[in-house]
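Here is a short briefing to read alongside the sequence and the model. Have both open, and follow the residues one topic at a time.

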Amino acid sequence: MHQGYRYFGFAVLSAALSVPLASAKPVIASQEHEEHDRDRDREHRRVYDPYRHDYHDWNDREDSAYRRWREERHEAYVEYDRLKRRQQREYWRWRHEHEEHEEHEHH
């Protein structure tokens with residue numbers, strides 16, 4: 001009789017341990033999907049320029065210009081979204097001053 005309980009206990013324990021493993025894969029896939037969505041949003045975001053009252057696509061070209069602006073000011077990189085409004089405005093002022101020059105370089 002004790003052997004029957006032992007097998008029954010083993011079966012219940014095995015089933016209890018396999019449930020978290022079965023549900024782990026969808027959670028990981030969901031996390032990967034959310035990370036992909038965040039990356040896609042970062043690639044396709046638009047940023048408002050309060051200096052000229054317009055929007056700009058924040059793409060690799062804009063990010064490169066922003067990094068160049070930070071370097072010219074001898075400042076460490078900080079994400080644009082973390083800048084104070086005054087600093088964002090300074091960036092857009094600089095950006096529009098250098099925009100014409102940049103277009104001549106690409107044509």
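His-96 sits in helix 3, which spans residues 85-106; helices here are DSSP runs of H or I with at least four residues, strands are E runs of at least two, and both are numbered from the N terminus. This is a predicted model, in which local features need pLDDT of at least 70 and side-chain atom pairs count only at pLDDT 80 or more, while totals for chains, interfaces and linings use all residues. Residues are numbered from 1 along each chain as its sequence is written, and side-chain values use heavy atoms, with hydrogens and water left out.

**Around His-96**
- His-96 counts as buried because its relative accessibility is 10% (buried is under 20% relative accessible area, exposed is over 50%, and partly exposed lies in between, with a 1.4 Å probe and protein chains only).
- Its side chain makes a polar contact with the side chain of Asp-49 at 2.5 Å (a pair of N or O atoms within 3.5 Å; within protein, one must be able to donate a hydrogen and the other to accept it, and residues adjacent in sequence count only if both atoms are side-chain atoms).
- Setting aside residues up to four places away in sequence, His-96 is in contact with Asp-49, Arg-52, Asp-54 and His-56 (contact means heavy atoms within 4.5 Å).

**Asp-57 and its partners**
- Asp-57 belongs to strand 2, residues 54-58, and is partly exposed because its relative accessible area is 44%.
- The side chain of Asp-57 reaches the side chain of Arg-46 in a polar contact of 3.2 Å.
- Apart from neighbours within four places in sequence, Asp-57 touches Arg-45, Arg-46 and Glu-62.
- Asp-57 and Val-47 are 10 residues apart along the chain, and their C-alpha atoms are separated by 6.4 Å.

**The nonpolar core**
- Val-47 is also one of the 10 residues of the largest nonpolar core, which includes Trp-58, Tyr-66 and Trp-92 (such a core is a set of buried Ala, Val, Leu, Ile, Met, Phe, Trp, Tyr and Cys residues joined through side-chain atoms within 4.5 Å).
- Helix 2 (60-72) and helix 3 are the elements that give two or more residues to this core.
- Among the residues that Val-47 touches are Tyr-55, Trp-58, Tyr-80 and Trp-92.

**Two histidines with positive phi**
- His-53 lies in the loop between strand 1 (45-49) and strand 2, and has a positive phi of about 60° although it is not a glycine.
- His-53 counts as exposed because its relative accessibility is 59%.
- His-74, in the loop between helix 2 and helix 3, has a positive phi near 55°.
- His-74 counts as exposed because its relative accessibility is 75%.
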